[in-house]
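Thanks, everyone, for making the time.

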Amino acid sequence: VAAAGYDFIIVGAGTAGCVLASRLSENQRAQVLLLEAGAREPVDTAVTPAAWRMLLGTSANWGGRTVPQKFTGAVMPYARGRGLGGSSAINGLNFVRGHRSGYDAWARQGATGWGFDDLLPFFRRSEAAAGRDPALRGTSGPVKAGRPTEANPVISALVDAAVEVGYPRAGDIGGAWRRGSAGMTTTSCTARGKARPTPT
Ligand SMILES: Cc1cc2nc3c(=O)[nH]c(=O)nc-3n(C[C@H](O)[C@H](O)[C@H](O)COP(=O)(O)OP(=O)(O)OC[C@H]3O[C@@H](n4cnc5c(N)ncnc54)[C@H](O)[C@@H]3O)c2cc1C
């Protein structure tokens, strides 16, 4: 393959592989080869994030299994996406950053450059989060993040119940890192021209 003149060969066109291929291809002189074991076209159900469980029995999932679990003895499904987009083509499109303290713990343990403040510019560069604090959230990146288009009344009731018993209502749990309770941030994307709508 090297003889064919590729500068970069990426194995796996999943979440990380697609991002790498996209970023590397911004240099128009770079020859990038992206290899994927699964299909180029997403299965139809992939466009409905809330139906992600239905994808577990399709060719878009490698169909892995865990070992028997220590306390239950049960063997559990272990899903991983197979096809262009990888696991992000079958996932729930919940958009979650880790908590600030988690990244800072990495840095304290020696992972220089992996603290929250080190990573924040890269988080911001990756996302377009409308209506959020632009000091913490990106505004012009490729991943569209935001509130679900329709509020789910069950989620609203759960958050109200948490507030009623004394937990604070958080604003943007993916940005400001307040402790508390709030609806999830979600994202949407387009797979081969088929939009996966923002889930509720
Ligand atoms: C069912 C499910 C629901 C999820 N829900 C969410 C969610 O709502 N929010 C969230 O943030 N995260 C969610 N996740 C997690 C998230 O999707 C993954 O952490 C992320 O997509 C992993 O990215 P990755 O690049 O490491 O791997 P993947 O995206 O899995 O990519 C790996 C790719 O490599 C390919 N590959 C493997 N072996 C080979 C080979 N030998 N040759 C060529 N190609 C190969 C695979 O087919 C696959 O396309 C979910 C995951 C699953 C499975």
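Arg 132 sits in the loop that runs between β5 (127-129) and β6 (143-146), where helices (H or I, at least four residues) and strands (E, at least two) are DSSP runs numbered from the N terminus. Please keep in mind that this is a predicted model, in which local features need pLDDT of at least 70 and side-chain atom pairs count only at pLDDT 80 or more, whereas totals for chains, interfaces and linings use all residues. Residues are numbered from 1 along each chain as its sequence is written, and side-chain values use heavy atoms, with hydrogens and water left out.

Is Arg 132 buried or exposed? With a relative accessible area of 11%, Arg 132 is buried, a term that means under 20%, with exposed being over 50% and partly exposed in between (1.4 Å probe, protein chains only). Beyond its neighbours within four places in sequence, Arg 132 is in contact with residues including Arg 137, Asp 172 and Thr 185, contact meaning heavy atoms within 4.5 Å.

Turning to the whole protein, there are four helices and eight strands, and buried residues account for 28% of its 200 residues.

As for the ligand, one of its nitrogen atoms is 3.1 Å from a polar backbone atom of Ala 37, while a polar side-chain atom of Asn 91 lies 3.0 Å from a ligand oxygen atom. A backbone N or O atom of Leu 93 is 3.3 Å from an oxygen atom of the ligand.

Key. Polar contact = N/O pair within 3.5 Å; in protein donor to acceptor, adjacent residues only side chain to side chain.
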